[in-house]
Amino acid sequence: FNSIHQRIINVKASLPPVLFYLDELPGLELRRESGWHDGGLCPFHGDRHAGSFKINLDSGSFKCFSCGTAGGDIIAFCQLQYCCDFMTALSDLERRCCL
């Protein structure tokens, strides 16, 4: 049985932030495949004006400069987006990797 640390490494290696955010953020148009990028409308508040939500395509970090929601990786994004705990988010991402 893999340790939690190894499971995190496996998810991050199998599901790059670029692919994750293309799936999670409808209408996302990438101009490059690395670094900080405009994430479109913030999924964490009733955003109507694109430009304040940023995603990092290397680390998976995200931040909304309007509502202040932020996190360090795709697991944190899943926790906030789907209102779940860390282990549930990790398990969900593991299932996505195997599809």
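This is a short tour of the model, one selection at a time.

Before you click anything: this is a predicted model, where local features need pLDDT of at least 70, side-chain atom pairs count only at pLDDT 80 or more, and totals for chains, interfaces and linings use all residues. Residues are numbered from 1 along each chain as its sequence is written, and side-chain values use heavy atoms, with hydrogens and water left out.

**Stop 1: S61**

Select S61, in the loop between β2 (53-56) and β3 (62-64). Helices (H or I, at least four residues) and strands (E, at least two) are DSSP runs, numbered from the N terminus. Is S61 buried or exposed? S61 counts as buried because its relative accessibility is 15%; buried means under 20% relative accessible area, exposed over 50%, and partly exposed in between (1.4 Å probe, protein chains only).

Now show the polar contacts, meaning pairs of N or O atoms within 3.5 Å; within protein, one must be able to donate a hydrogen and the other to accept it, and residues adjacent in sequence count only if both atoms are side-chain atoms. The side chains of S61 and S59 make one at 2.9 Å, and the S61 side chain also reaches the backbone oxygen of G72 at 3.1 Å. For contacts in general (heavy atoms within 4.5 Å), skip residues up to four places away in sequence and you'll find S61 touching Y21, W36, K54, I55, N56, G71, G72 and D73.

**Stop 2: D73**

Hop to D73, one of those contacts of S61. D73 is in the loop between β4 (70-71) and α3 (74-81), and is buried at 14% relative accessible area. Which end of α3 does D73 cap? Look at the N-terminal end: a side-chain oxygen of D73 lies 3.1 Å from the backbone nitrogen of I75. Then check A76, whose backbone nitrogen is 2.8 Å from a polar atom of the D73 side chain. Leaving aside neighbours within four places in sequence, D73 is also in contact with K12, Y21, S59, G60, S61 and F62.

**Stop 3: along α3**

Colour the buried residues of α3, which are I74, I75, A76, F77 and C78. They pack against α1, α2 (17-24), β2, β3, β4 and α4. Just past the helix, C83 takes a positive phi of about 50°.

**Stop 4: the cysteines**

C67 is partly exposed, at 34% relative accessibility. C78 is buried, with a relative accessible area of 1%; its sulfur is 6.6 Å from the closest cysteine sulfur, in C84, and that is too far for a bond.

**Stop 5: α1 and α4**

Finish with helix α1 (residues 4-14) and helix α4 (residues 86-98), which pack at about 45° with axes 10 Å apart. Axes are lines fitted to C-alpha atoms, for helices over the stretch in contact, and angles run from 0 to 180 degrees between N-to-C directions. The pair is therefore oblique: under 35 degrees counts as roughly parallel, over 145 as roughly antiparallel, 65 to 115 as roughly perpendicular and the rest as oblique. To see the contact, select I4, R7, I8, V11 and S14 on α1, with F86, M87, L90, S91, L93, E94 and C97 on α4.

Still on α1, click A13, which is exposed at 62% relative accessible area.

Note on methods
A disulfide is a pair of cysteine sulfur atoms within 2.5 Å.
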